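Subject: Handing over the structure

Hi,

As promised, here is the structure to look at. Please open it next to this email, and then read on.

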Amino acid sequence: MPPKATTPADRRTGFWNRERETMSAGARERYQGDWLAALMEHAWANAPGVRRRLQNAGLAPKSFRSSEDLARLPVIRKSAMPELQKADPPFGGFCTVPVAKLRKIFMSPGPIFEPMGPEISGFHAETGLFAGGFRPGDIVVNTFAYALTPAAHELDESLNLIGCAVVPTGVGQTEIQVNVAKSVGATGYVGTPSFLMTILAKAREMGVGRLPFQVAQVGAEPFTEAMRRELHEEHGVMARQGFGTADTGMLAYECAEASGMHLLEDAITQVCDPTTGEPLPNGQIGELVATVNNRTYPMIRFSSGDLTVITDEPCSCGRTSARMLGWRGRADEVTKVRGIFVHPRQVDEIVARVKGVERSQVVVGREGHNDTLTLRVQLAPGVDGAAASSTLEAAIRDVMKLRGTVAVVGAGTIPDGAKKVSDERKWD
């Protein structure tokens, strides 16, 4: 009998590090306990911000020998980082490496600075990329932004470690994206799912035929099952998602089974009560809190404000780690739009540029596969609405680094106590 024919998806299954990805629960706890103990000693000695946190909680490095010990340390939230970094620039005292010895310094909206240290693979993305189908020899279009934020640079490094060639296209310029992908025979894509859909729609509009993409790793915004089906059935793309932040690197990733995102062994990821910070049992929705094995920037009990659920039910792929069952919203008003965090205080900064704004609110919506951002403003009598809208739209681009529209609304439209950022997107 002849061997069964393989498809591109068949060739894109397997393990980056089988021994680590299939370790027993006990072996995983020992592995994480070992690196946690070493990390705490290192951070205490070299990161004054970490040392202050431990001292304020009455703790020391010897207090941490297992993941369970982490619950003794209060959670630190991403929303607190701008003020902490202002007090102890540039990294809030959380970086263990002198600034002059860093490879790169990034800045995310907030602003929040993040260091890229001398070690290779501090972002820990290669495990997830490999699980999601990337293989040596793939030519990958990287459409994340290369200016200031870390995702594109860190993913480049992980793709190179796998043996992929990277085309650093960055964001925008969809016609150029199509032409580049066709010209170089790009087999892979990394970026937001909505931008991948936009590129494929542009290729159809240009009449160039199917693009050569076979595999995609998407992130920075929700990825719906409808989008996954369309990519597979209409475009032949095996698309998987990963979850991470600029501060922590990759935390979770989908395998070929696409039944939740496996948690990385080099991060201790907990779901916690948003009010108390206490870890919750698996199966309950809570705030995602992570401690990452990064010796340059040891984020310990760090929360980006995202809500999720974790399950420890086995996955048929053979990996033994627990899995994160998707993104379930935010624990605060900070939300992510087209891969960029939007903060309530940015709304105040924007409207401060126009006199006569009585009330304001950003509304995040969804049209097709794309996020929309609308700034609703209630203006005082006599304020020129057209002039105010023009100034505010420019301020959105300047402050949030996003394009948005302005809607002038009547009195009472924005109620008392309304959230500064209202996320009204619906996901299937």
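A quick word on the ground rules. This is a predicted model, where local features need pLDDT of at least 70 and side-chain atom pairs count only at pLDDT 80 or more, while totals for chains, interfaces and linings use all residues. Residues are numbered from 1 along each chain as its sequence is written, and side-chain values use heavy atoms, with hydrogens and water left out.

**Empty spaces**

Rolling a probe the size of a water molecule over the atoms shows where empty space is left. The search runs on a 1 Å grid over the protein atoms alone: a cavity is a set of points where a 1.4 Å probe fits but cannot get out, while a pocket is an open set with protein on both sides within 12 Å along at least five of seven lines. Lining residues have an atom within 4 Å of a point. Grid points are joined across faces, edges and corners, and a volume is the space filled by probe spheres set on the points.

Let me start with the second largest pocket, whose volume is about 620 Å³. Its lining has 22 residues, and R28, E29, Q32, T269 and A322 lie nearest the centre. Helix 2 (25–46) and strand 11 (267–272) each bring at least two residues to that lining, and strand 11 gives the most, with 5 residues. (Helices, H or I with at least four residues, and strands, E with at least two, are DSSP runs numbered from the N terminus.) By class, the pocket lining splits into 11 nonpolar, 7 polar and 4 charged residues. Here Ala, Val, Leu, Ile, Met, Phe, Trp, Tyr, Cys and Pro count as nonpolar, Asp, Glu, Lys and Arg as charged, and the others, Gly among them, as polar.

How many cavities of 30 Å³ or more does a search of the whole structure find? There are 2. The largest cavity holds about 160 Å³ of space. Among its 19 lining residues, P115, M116, G122, E154 and N294 lie nearest the centre. Strand 3 and helix 6 (151–162) each supply at least two lining residues, with strand 3 giving the largest share, 3 residues. The lining of this largest cavity has 7 nonpolar, 6 polar and 6 charged residues.

The second largest cavity has about 50 Å³ of space. Its lining includes R77, S303, D332 and H343, and strand 13 (residues 302–311) gives the most to it, with 3 residues. The classes here are 1 nonpolar, 5 polar and 4 charged. Keep R77 in mind, as it comes back below.

**A surface patch**

W16, I120 and L161 make up a nonpolar patch on the surface, with about 270 Å² of accessible area together. For such a patch, residues need over 30% relative accessible area and no salt bridge, and nonpolar side chains (Val, Leu, Ile, Met, Phe, Trp, Tyr) are joined within 5 Å. I120 sits in the loop between strand 3 (112–116) and helix 5 (126–131).

**Charged pairs**

Side chains of opposite charge can pair when their charged atoms come close. With a salt bridge taken as a side-chain nitrogen of Lys or Arg within 4 Å of a carboxyl oxygen of Asp or Glu, the count comes to 17.

R77 forms one with E287, their closest N and O atoms being 2.7 Å apart. R77 lies in strand 1 (residues 76–77) and E287 in strand 12 (residues 286–292), so the pair ties together parts that are 210 residues apart in sequence. R77 is partly exposed at 26% relative accessibility, whereas E287 is buried at 1%. (Buried means under 20% relative accessible area, exposed over 50%, partly exposed in between, with a 1.4 Å probe and protein chains only.)

R228 and E225 also form a salt bridge, with the closest N and O atoms 3.1 Å apart. They are 3 residues apart in helix 9 (residues 225–235), so about one helical turn separates them. R228 is buried, with a relative accessible area of 8%, and E225 is partly exposed at 38%.

Finally, R425 forms a salt bridge with D371, the closest N and O atoms being 3.2 Å apart. Salt bridges that share partners join R366, D371, D423 and R425 into one network. Both R425 and D371 are buried.

Cheers

Note on methods:
Patch = residues over 30% accessible without salt bridge, like charges linked within 9 Å, V, L, I, M, F, W, Y side chains within 5 Å. Areas by Shrake-Rupley, 256 points an atom, 1.4 Å probe, with all protein chains shown as cover.
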